[in-house]
Amino acid sequence: MTQYLQLCQRILDEGVMVKNERTGHNCLTVINADMQYNVGAGEFPLVTTRKSFYKSAIAELLGYIRGYSNSSLFRELGTKTWDANANENEAWLNNPNRQGNDDMGRVYGVQGRQWMKPNGETVDQLTKVINNLKKGIDDRGEIVTFYNPGEFELGCLRPCMHTHTFSLIGDTLYLTSYQRSCDVPLGLVFNMVQVYTLLALVAQITGHKPGIAYHKIVNAHIYENQIDLMEEQLKRRPFSSPELKINSNIKSLKDLENWVSTDDFKLVGYKAHDAIRYPFAV
């Protein structure tokens with residue numbers, strides 16, 4: 001939580017106003033932000049200076065794990081985060097590759113579970129990583145990446161959080177997640193939850209102790225129409241961080257694919273200030 005607030009203040013103090021060509025909006029921008037979450041110690045990085053919808057963030061993560069490419073499936077899991085990019089993004093609406101309402105195309109989880117090879121076969125990156133880690137193998141390439149420049153035109157959005165690298169030392173599992181672009185008031189609140197939860201889940205289903213999750217952000221920004229709201233949020237005093245409890249019956253990738261829901265994730269000791277409705281740039 002402290003790391004998040006420090007980054008918000010840094011952007012307000014040091015950020016340079018840059019126009020984002022995709023959205024057409026100006027944003028205060030800084031380059032390079034490094035955050036880390038001690039998953040093994042249970043330090044759940046949930047923002048408390050405004051209400052945080054952590055279950056929506058976890059629902060989105062579950063959709064990525066399952067390789068979903070349709071925003072209706074994300075809604076069924078409990079999140080509407082892909083509705084706008086699937087159905088209101090003008091460039092995607094005019095893209096001949098779009099397959100109708102709610103179609104997201106080959107983005108995020110599709111790449112992680114069905115990376116297309118030149119011969120038409122697919123690579124399931126996540127299954128490879130899980131299988132290796134369950135055997136205690138770290139080949140220094142336990143990587144799941146969603147960033148496929150050859151297929152950008154086949155999806156509604158380039159991935160922001162694009163690569164996850166798992167590292168095993170002894171019986172402790174670590175995660176390094178890379179993010180090229182981050183809407184700090186909106187996206188980062190979700191992203192912190194997802195990085196933490198991804199390491200916790202993969203450690204649990206592969207039989208390892210979770211260590212530290214490292215979160216590396218290249219371009220961190222606050223949109224111009226979010227600045228006043230962020231200044232107000234930074235006046236609020238944070239509460240103590242809650243604890244995330246994950247259903248211990250989740251024991252495999254198949255469980256995550258078939259029956260796990262947001263009901264399998266509970267918060268203990270969560271207290272937050274009122275919600276703030278930050279504008280979202282499509």
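At the start of helix α7, a side-chain oxygen of D124 comes to within 3.4 Å of the backbone nitrogen of L126, a polar contact in the sense of a pair of N or O atoms within 3.5 Å, one able to donate a hydrogen and the other to accept it, where residues adjacent in sequence count only if both atoms are side-chain atoms. This is a predicted model, in which local features need pLDDT of at least 70 and side-chain atom pairs count only at pLDDT 80 or more, while totals for chains, interfaces and linings use all residues. Residues are numbered from 1 along each chain as its sequence is written, and side-chain values use heavy atoms, with hydrogens and water left out.

Helices (H or I, at least four residues) and strands (E, at least two) are DSSP runs, numbered from the N terminus. Just after the helix, G136 takes a positive phi of about 80°.

Turning to the sheet, six strands form an open arrangement in the order β1-β2-β8-β7-β6-β5, with mixed pairing, where two strands pair if DSSP finds at least two bridges between them. The strands β1 (16–19) and β5 (143–145) stand at the edges, each with a single partner strand, so one side of each has no neighbour in the sheet. Within the sheet, β6 (residues 161–169) and β7 (residues 172–183) run antiparallel and are joined by eight bridges, and M161 stands opposite Q179 in β7.
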